[in-house]
Amino acid sequence: MRGRICGTGSYLPEKYYDNNDIAKIVETSDAWIRERTGIVRRHIASGDETTVSMAVEAGRRALENGHVLPKDVDMILVSTITPNAVIPGVAFQVQAALGAAQAVCFDLSAACSGFVFAYQTAQAYIAAGLYQTILLIGSETLSVINNWEDRSSCILFGDGAGAAVVRAEEGALYPSLAGSDGTMGHVLACESRVQNGWQKKETERKTYIDMDGTAVFKFAVRKMPEMAKALMAQMQCTEADIDWFITHQANERIIEAIARRLKSDITKFPMNIAECGNTSSASIPILLDEMNRSGRLKDGQKIIMAGFGAGLSWGAVYMEWQAYKN
Amino acid sequence: MLEKVIAIVAEGLGVEAGNLKAETTFESLGADSLDLMDMVMNFEDEFGVEIDADSMGTLKTIGDVVDYLTAHQN
């Protein structure tokens, strides 16, 4: 048995900051941000919007898209590094809002690789015969942990949620891989407020995203092609056979460097970073949803989905797109 | 080694290798810090020499890169 994505959904807050808005907060410019990152706008949760509310909406849309009733969902897995409550976890609150009474729920923390890790987890559960209908969600409110005094990082991050429903079907698992390196964790860190004395000035700064851009750039640009090559070797295929490389939307320049290293055309690397910025574990499912709903994903297409980021963490899966057969 | 470095720079920045010399500055080629990071990684992969962020800042011309790599290769 393996899991097949049968529906996708996403949600972006209506409010956004464009680069000129950011330039009013820190010293930067629209031209600089576009050239260095490819980002034009990033959406920002406001009012009642939270990681939970966005996850609920994305999840609802994915279930509708996949023609799956909430009562038939037996697992909800939410990938997030910005839960708006410590307990109950985001997945539990999504369950309550959607009425998925049969679902086993929990959150997963693996930053920008989180959705891929969640997807691999779902595959394992389905292959083991433990669950059959899994709702996967990546939802983040990075604006709340953005360091608005650091112009090198605050330009990058945005809010949003993406979701996919995965259902069991006959067939062997497609290849996937994942990895972690906690010794490099310090290059992309954000302390939580769940610790003694976080309000003290020196600790407080660290409860915002703190990134060593050079280290993260080098890691991402080397790791993703490595993963893609490993998966293609397992499938005994080459770059020419792959239709789409759906990668975490960290930075347009990173994606371009990855495409160059794979000697692949940039058109195989769909991007929505101009509109969304880096939404951590929401980025892949948001992009997947856009591609699904715009009809760009055709039956039989070969896709490599890859995430990489804080942890350090990395993960990639190979899949062949196919409409789910009931 | 100069030819190899020129080839890497040419490919990375999408410029003609024939126009590049040891005295050519990266600034004159319109390379920003991310282009340099990408190129440095290619130098590291090709020559097996690690170039840290501080050293990267001192490499202004193609000749600087050749000198650094020559000095740090085994």
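1. This is a predicted model, and the points that follow should be read with that in mind. Where the two chains meet, nine residues of chain A are in contact with six residues of chain B. On the chain A side, the elements that contribute two or more residues are α2 (30-37), α7 (213-234) and α8 (252-261) of chain A. Of these, α7(A) gives the most, with five residues. Sorted by class, the side of chain A that touches chain B has five charged residues, three nonpolar ones and one polar one.

2. As for the overall form of chain A, its secondary structure comes to ten helices and 13 strands, and its C-alpha atoms fill a box of roughly 55 × 45 × 35 Å along the principal axes. Chain A has a radius of gyration of 19 Å, which agrees with the value near 20 Å that a compact globule of 326 residues would have.

3. Chain A is divided into domain 1 (2-169) and domain 2 (176-320), and the C-alpha centres of these two domains of chain A lie 14 Å apart. Between them, 45 residues of domain 1 of chain A are in contact with 42 residues of domain 2 of chain A.

4. Which elements give two or more residues to the side of domain 1 of chain A that touches domain 2 of chain A? They are the strands β1 (2-11), β3 (41-43), β6 (133-141) and β7 (159-169), together with the helices α2 and α5 (114-127), of chain A. The largest share comes from α5(A), with seven residues. By class, this side of domain 1 of chain A divides into 21 polar, 19 nonpolar and five charged residues. Helix α2 of chain A is also listed among the elements on the side that touches chain B.

5. In chain B, helix α1 (residues 2-13) packs against helix α4 (residues 62-72) at an angle of about 125°, with the axes of the two helices 10 Å apart. The crossing in which α1(B) passes α4(B) is right-handed.

6. The contact between these two helices is made by B:L2, B:V5, B:I6 and B:V9 of α1(B) and by B:I62, B:V65 and B:V66 of α4(B). By class, the contact of α1(B) with α4(B) has seven nonpolar residues, with no polar and no charged ones.

Note on methods
Residues are numbered from 1 along each chain as its sequence is written. Chains are lettered from A and ligands numbered from 1 in the order in which they are written. This is a predicted model: local features need pLDDT of at least 70, side-chain atom pairs count only at pLDDT 80 or more; totals for chains, interfaces and linings use all residues. Two residues are in contact if their C-beta atoms, placed from the backbone, lie within 7 Å. Helices (H or I, at least four residues) and strands (E, at least two) are DSSP runs, numbered from the N terminus. Ala, Val, Leu, Ile, Met, Phe, Trp, Tyr, Cys and Pro count as nonpolar, Asp, Glu, Lys and Arg as charged, and the others, Gly among them, as polar. Domain bounds come from an automatic or database domain assignment. Axes are lines fitted to C-alpha atoms, for helices over the stretch in contact, and angles run from 0 to 180 degrees between N-to-C directions. A crossing is left-handed if the near helix is turned anticlockwise from the far one by less than a right angle, and right-handed if clockwise. The radius of gyration is taken over C-alpha atoms; the globule rule is 2.2 Å times the number of residues to the power 0.38.
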